[in-house]
Amino acid sequence: MLSSNALIAVVDIREAVADGLEAMVDIAALVEGSGIAILALADQTAEENIAGKCYDAGATHFLDIANSQADLQQAINFAYRYVENIRGGTEAAQNFNHLLSQADERWSFSKSDASQSWVSDKLKENLGDVDFSRYPVTGIFRILSREERSRVRGAMGRLRTGAAQAAVVHLLNGDKVIHHLHVSGERIYGRLERVNPDGGGHGWAGYDLLSGLRNGSAARGWMRSRLEQGHGLGIIIFGLKNFGTINAAYGRAVGDEIMRRIGQRLMVETADHSSDEHIVARMDGQNFVVTMILDDRSANIAKKFAEYAEQLLSRNFERVSVDGRNIGLVARAGVATVRESADETLLIRRATLALAEAMTSDALPVQISGSSEKDILLEQQLESDLAHALERDEITIALQPQIKVDGGQLIGAEALARWNHPTLGFLGAATLFSVAERAGLMELLSLHIHKQAFATAAKWPDSLSFLRLSVNVTAGDLANGDFVQNMIQNITETGFSADRTTLEITESELIGNFASASTRLAELREEGLRIAIDDFGTGYSSLAYLKNLPLDYLKIDSGLTGDISGSVKDQVVVKSIIDMARSLDLAVIAEGVETEAQLETLAEQGCEYFQGFLRSGPISPEEFEIFALRSN
């Protein structure tokens, strides 16, 4: 049970009552206080007081599976909701009062003084003629059938005898509802959630069961509806920059728990807004969204909403404690606002692009979208065009010469992809790969580029047979189980040589995928290929990669070489990298060399190879062949 990281234990005791009850006792003791649900399946006609026995054994939920109306899926959904509420933790329980909203169907009363009751306006409106002044506590039950009333009172009884949460399904004015019950201090709270589609509810399909929030589909529907009504909207998309590292360091279970905690915190933080005015959802993976109606027409509306995003970010995404571990969170947010639009997809895309900018920034955790709907439409057109571009051979290869520092001899080239768009002209690799990632074409594009690069180099004349070819490898390539096979097949089919091939991998591509990447790179190295770490010295530089990966080259990022001729600090950093690489028997290639002064400094520090505009930028295969023959 523990190793599975399951949230619900389903125990079917119909054929073995004693064994089943014993199992529930064991599981309840095992997971005490952890917020795990135990769902008992039984036949009430076959065993006297079986529901009570299951409750005593530790079951949190019970289903009479012999009943023709029994719905196992719904029972599991209720159990999930119980887990979500419990796993909100003490913080969520203490802040439960903030969840009370006149816009939702809620009620509460004091356990010691029933006259101290509260019923939301929406619940009063939906219940019609119920006189809550006369029946402050029992008013909601007076319109229920005897069977439904008994079911709700049974759940209430569990709260009075010590249970912290309860949930029961029943009919209310013909609509199926889930009645969520909760104890906090001296008060009992209730919340009705309608699940009949024709009764105005949204059913369970609109929920993310991990976080307890609405899911991306529900959020998109909410936004679409408000935009159609003419409202302006503000949207914040949150994400964790270091989520991959957290998952790798602590495991998937801890990552999931962090998602649950953040979801509960956001729910509490935004509870002052009614459900008609805002929605909080988990969009996908590690990303959350808060969307609100913004009918303020002031010029500073985007700035104000960004300030609100920063407040939510600082209160909910700084750190979290899980199983005694105090885990720091590196959170970022993208903000977009719109005064009038008919397409929620464009609004989401603008916020997503702003989040992508924030993810690459160390100084600005919240970015306001600078993209217009026109920009987004152009990007969508590019995504559509890219599939056809692969078919029409619009993706071409440019080659940047790699040269020996001492003597200036040409030793090879790095293959770089370019998109020769029929109307926009040549588009660089950054645009090409960002479009491919959004379009879901990264794997196909990478295979295409590798094969084209090897085919290009295979055409070099015999007099250039000493030249090496470097190709870039993505995180998706490394994660592909067929990566090694595909690489060898491309080299073999094009007639190029494996022992003249270098694979370049950036450090960021290895995070969270270190073990499998190391194994696959070692397999390729045994086939004669050589491996280079690209862009070393920027961002997160791990010595573990240099020590434990099968490496041959280290490439110094152009950001470090750019000021090397004038900055003593940069010279010290680059010199230390070169010395470290030498001690590990790695050759060093400097990128972005543009001046003779930079080249002279690199030579003094012992750098072996370089590439950059000092000798040549990326050029066409035909121009490279001329360049190579002249250099030979």
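## Terms and model

Buried residues have under 20% relative accessible area, exposed residues over 50%, and partly exposed residues lie in between (1.4 Å probe, protein chains only). Helices (H or I, at least four residues) and strands (E, at least two) are DSSP runs, numbered from the N terminus. This is a predicted model, in which local features need pLDDT of at least 70 and side-chain atom pairs count only at pLDDT 80 or more, while totals for chains, interfaces and linings use all residues. Residues are numbered from 1 along each chain as its sequence is written, and side-chain values use heavy atoms, with hydrogens and water left out.

## The chain

The secondary structure of the chain comes to 22 helices and 25 strands. Of its 632 residues, 50% count as buried. Contact means heavy atoms within 4.5 Å. Among contacts between residues at least 6 apart in sequence, 63% join residues at least 24 apart.

Leucine 21 is placed in helix 1 (residues 17-30) and is buried, with a relative accessible area of 17%. Leaving aside residues up to four places away in sequence, leucine 21 touches Ile13, Lys53, Cys54 and Ala57. Cysteine 54 is 33 residues from leucine 21 along the chain, and the C-alpha atoms of the two are separated by 6.4 Å.

## Helix 7

Helix 7 (residues 216-228) has 13 residues. From first C-alpha to last, helix 7 reaches 18 Å, close to the 18 Å expected at 1.5 Å a residue; the expected span is 1.5 Å times one less than the number of residues. Its buried residues are Gly216, Ala218, Ala219, Trp222, Met223, Arg226 and Leu227. These residues cover an arc of only 165° around the axis, which puts them on the same side of helix 7. The arc is that of the directions from the helix axis to the C-beta atoms.

Ser217 and Glu228 are exposed on the other side of helix 7. The cover over the buried residues of helix 7 includes strand 9 (214-215), strand 10 (233-240), strand 11 (278-284), strand 12 (287-293), strand 15 (331-338) and helix 11 (344-359).

## Two helix pairs

Two packed helices are described by the angle between their axes and the distance between the axes. Axes are lines fitted to C-alpha atoms, for helices over the stretch in contact, and angles run from 0 to 180 degrees between N-to-C directions. Angles under 35 degrees count as roughly parallel, over 145 as roughly antiparallel, 65 to 115 as roughly perpendicular and the rest as oblique. Helix 8 (residues 243-250) and helix 9 (residues 252-269) pack at about 135°, with axes 6 Å apart, and are therefore oblique to each other. Phe243, Ile246, Asn247 and Tyr250 of helix 8 make the contact with Arg252, Val254, Gly255, Ile258 and Met259 of helix 9. The residues of this contact divide into six nonpolar, two polar and one charged. Ala, Val, Leu, Ile, Met, Phe, Trp, Tyr, Cys and Pro count as nonpolar, Asp, Glu, Lys and Arg as charged, and the others, Gly among them, as polar.

For helix 13 (residues 429-439) and helix 14 (residues 442-458), the angle is about 140° and the axes are 8 Å apart. Helix 13 and helix 14 are therefore oblique to each other. In this pair Leu432, Phe433, Ala436 and Glu437 of helix 13 meet Met442, Leu445 and Ile449 of helix 14. The contact residues are six nonpolar, no polar and one charged.

## Helix 20 and its surroundings

Helix 20 (568-583) has 16 residues and reaches 23 Å from its first C-alpha to its last, close to the 22 Å expected at 1.5 Å a residue. Asp570, Val574, Ile577, Ile578 and Ala581 are its buried residues. Seen down the axis of helix 20, they fall within an arc of 95°, so they line one face of the helix. On the other side, Val568, Lys569, Val572 and Ser583 are exposed.

What covers the buried residues of helix 20 includes strand 22 (530-536), strand 23 (553-556), helix 19 (558-561), strand 24 and helix 21 (596-605). Aspartate 557 is in the loop between strand 23 and helix 19 and counts as buried at 13% relative accessibility. Aspartate 557 and valine 574 are 17 residues apart in sequence and 9.7 Å apart in space, C-alpha to C-alpha.

## Positive phi values

Most residues other than glycine have a negative phi. Aspartate 585, which follows helix 20, has a positive phi near 60°. Aspartate 585 lies in the loop between helix 20 and strand 24 (587-590) and is exposed, with a relative accessible area of 69%.

Aspartate 393 has a positive phi of about 60° although it is not a glycine. The loop that holds aspartate 393 is between helix 12 (373-391) and strand 17 (395-404). At 52% relative accessibility, aspartate 393 counts as exposed.
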